[in-house]
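Biologist: I would like to learn how to read a structure. Could you take me through one, feature by feature?

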Amino acid sequence: MGKRWVFLGAPGVGKGTQAEIVAQKFGVCKISTGDLLREAVTQGSELGQKAQQYMDRGELVPDEVVMGLVQEKIATCLNGFVLDGFPRTVKQADLLASFLEQRGQTLDQVVYFSLSQEEIIRRLTGRRICTQCQAVYHLDFSPPRREGVCDRCGGPLQQRRDDQRETVSSRLSVYEAQTAPLIAYYRERQVLAELDSSGSVETVRDRLLALLNRSERA
Ligand code: AP5
């Protein structure tokens, strides 16, 4: 049976990078609400236009809007999924639990990515993304072979609008106020595992895969 995981943690901690690896390795869907919302913004849909105002301020998009996107996606992921950046509020966690319950499902594990604030800021401010295929780079930690050009598709790299310093600090405060309470929420439900997210992408990957394999055997 497919696995159902949630990756929880502050902006920039490396959830998306690891979700991509895990999705490929286990053949599950990677569902990133940030990517889904950015896609809607690029398409210029009504939902996208509404979402952009919140995203540019570093605030959360309303729960119901995000839940609608996630439900639609989960319904197509028969082999399981890893949720990246969702849920982000207690309300979203409750909505997710009832949606899964209706489908006779539960979460297998919630992985909480922990990292020092200083390192989080370095990861966020040095991030660059491909405007064409959304591949993620870092100026110091995983630079492209040619400056400003995507290795995968040759598209131009750009800084995300919300990765500029002022917006980063509001995203971090929003995380502390609205998302961090989910650590206790999932700990109480006995599905939380903490992952030390320091070190290189490969180091974190190995720690994460060991954790997921351990829980599979348990
Ligand atoms: P979203 O896109 O989800 O942003 P986020 O959670 O803030 O997470 P990030 O994408 O910033 O970071 P990440 O942890 O995935 O790190 P990454 O792997 O890229 O959300 C954006 C906005 O959308 C929100 O502010 C909100 O407005 C809205 N939104 C989204 N979901 C929502 C929801 N559920 N409800 C309401 N609103 C929602 O890594 C970061 C950088 O570090 C990269 O450059 C990477 O190359 C590098 N890196 C990664 N791992 C390592 C490593 N081990 N060592 C060195 N560098 C590393």
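Modeller: Start with one pair of residues. In strand β3, aspartate 84 is the bridge partner of serine 32. Keep in mind that this is a predicted model.

Biologist: What does pairing between strands rest on, in general?

Modeller: Strands of a sheet pair through backbone hydrogen bonds, and the pairing is either parallel or antiparallel. Here, β3 (residues 80–84) is joined to strand β2 (residues 29–32) by four bridges, and the two run parallel.

Biologist: How many bridges join strand β1 to β3?

Modeller: Five bridges join β1 (residues 3–9) to β3, and these strands also run parallel. As an example, glycine 80 in β3 stands opposite lysine 3.

Biologist: Is β3 covered or open to the outside, and how many of its residues are buried?

Modeller: β3 is mostly covered, with five of its five residues buried. Look at the two faces in turn. Gly80, Val82 and Asp84 are buried on one side. Phe81 and Leu83 are buried on the other.

Biologist: What is the strand order of the open sheet of five strands?

Modeller: The order is β2-β3-β1-β4-β8, with parallel pairing. β2 and β8 stand at the edges. Each has a single partner strand, so one side of each is left without a neighbour in the sheet. On average, neighbouring strands of this sheet are turned by 20° against each other, direction ignored.

Biologist: How do β4 and β8 pair?

Modeller: Strand β4 (residues 109–114) pairs with β8 in the parallel sense, over five bridges. Follow valine 110 across: its bridge partner in β8 is leucine 192.

Biologist: Which strands form the open sheet of three, and in what order?

Modeller: The order is β6-β5-β7, and the pairing is antiparallel. β6 and β7 (157–158) are the edge strands. Each has a single partner strand, so one side of each lacks a neighbour in the sheet. Two bridges join β5 to β7. Isoleucine 129 stands opposite glutamine 158 in β7.

Biologist: Which helix lies across β5 and β6?

Modeller: That is α6, running at about 35° to β5. In α6 (residues 117–125), the buried residues are Glu119, Ile120, Arg123, Leu124 and Thr125. The buried residues of α6 pack against β5 (127–130), β6 (136–138) and α7 (165–179).

Biologist: What describes two packed helices?

Modeller: Two numbers do: the angle between their axes and the distance between the axes. Take helix α2 (residues 33–43) and helix α3 (residues 46–57). They pack at an angle of about 120°, with their axes 7 Å apart. That angle makes α2 oblique to α3. The crossing of α2 past α3 is left-handed.

Biologist: Which residues make the contact of α2 with α3?

Modeller: From α2 come Gly34, Leu37, Arg38, Ala40 and Val41. From α3 come Leu47, Gly48, Ala51, Gln52 and Met55. By class, the contact of α2 with α3 has six nonpolar, three polar and one charged.

Biologist: And at what angle do helix α5 and helix α8 cross?

Modeller: The axes of α5 (residues 90–102) and α8 (residues 181–188) cross at roughly 35° and come within 10 Å. Val90, Ala93, Asp94 and Leu96 in α5 meet Leu182, Tyr185 and Tyr186 in α8. The contact of α5 with α8 divides into six nonpolar, no polar and one charged residues.

Biologist: Now the backbone. Which peptide bond is cis, with omega near -5°?

Modeller: The bond from phenylalanine 86 to proline 87. Proline 87 lies in the loop between β3 and α5.

Biologist: Where is glutamine 134, and what is its phi?

Modeller: Glutamine 134 sits in the loop between β5 and β6. Its phi is near 70°, a positive value in a residue other than glycine. Glutamine 134 counts as partly exposed because its relative accessibility is 40%.

Biologist: Is glutamine 190 buried or exposed?

Modeller: Glutamine 190 has 72% relative accessibility, so it counts as exposed. Its place is the loop between α8 and β8 (192–196). Phi of glutamine 190 is near 60°, a positive value in a residue other than glycine.

Key. Residues are numbered from 1 along each chain as its sequence is written. This is a predicted model: local features need pLDDT of at least 70, side-chain atom pairs count only at pLDDT 80 or more; totals for chains, interfaces and linings use all residues. Side-chain values use heavy atoms; hydrogens and water are left out. Axes are lines fitted to C-alpha atoms, for helices over the stretch in contact, and angles run from 0 to 180 degrees between N-to-C directions. Angles under 35 degrees count as roughly parallel, over 145 as roughly antiparallel, 65 to 115 as roughly perpendicular and the rest as oblique. A crossing is left-handed if the near helix is turned anticlockwise from the far one by less than a right angle, and right-handed if clockwise. Contact means heavy atoms within 4.5 Å. Ala, Val, Leu, Ile, Met, Phe, Trp, Tyr, Cys and Pro count as nonpolar, Asp, Glu, Lys and Arg as charged, and the others, Gly among them, as polar. Buried means under 20% relative accessible area, exposed over 50%, partly exposed in between (1.4 Å probe, protein chains only). Two strands pair if DSSP finds at least two bridges between them.
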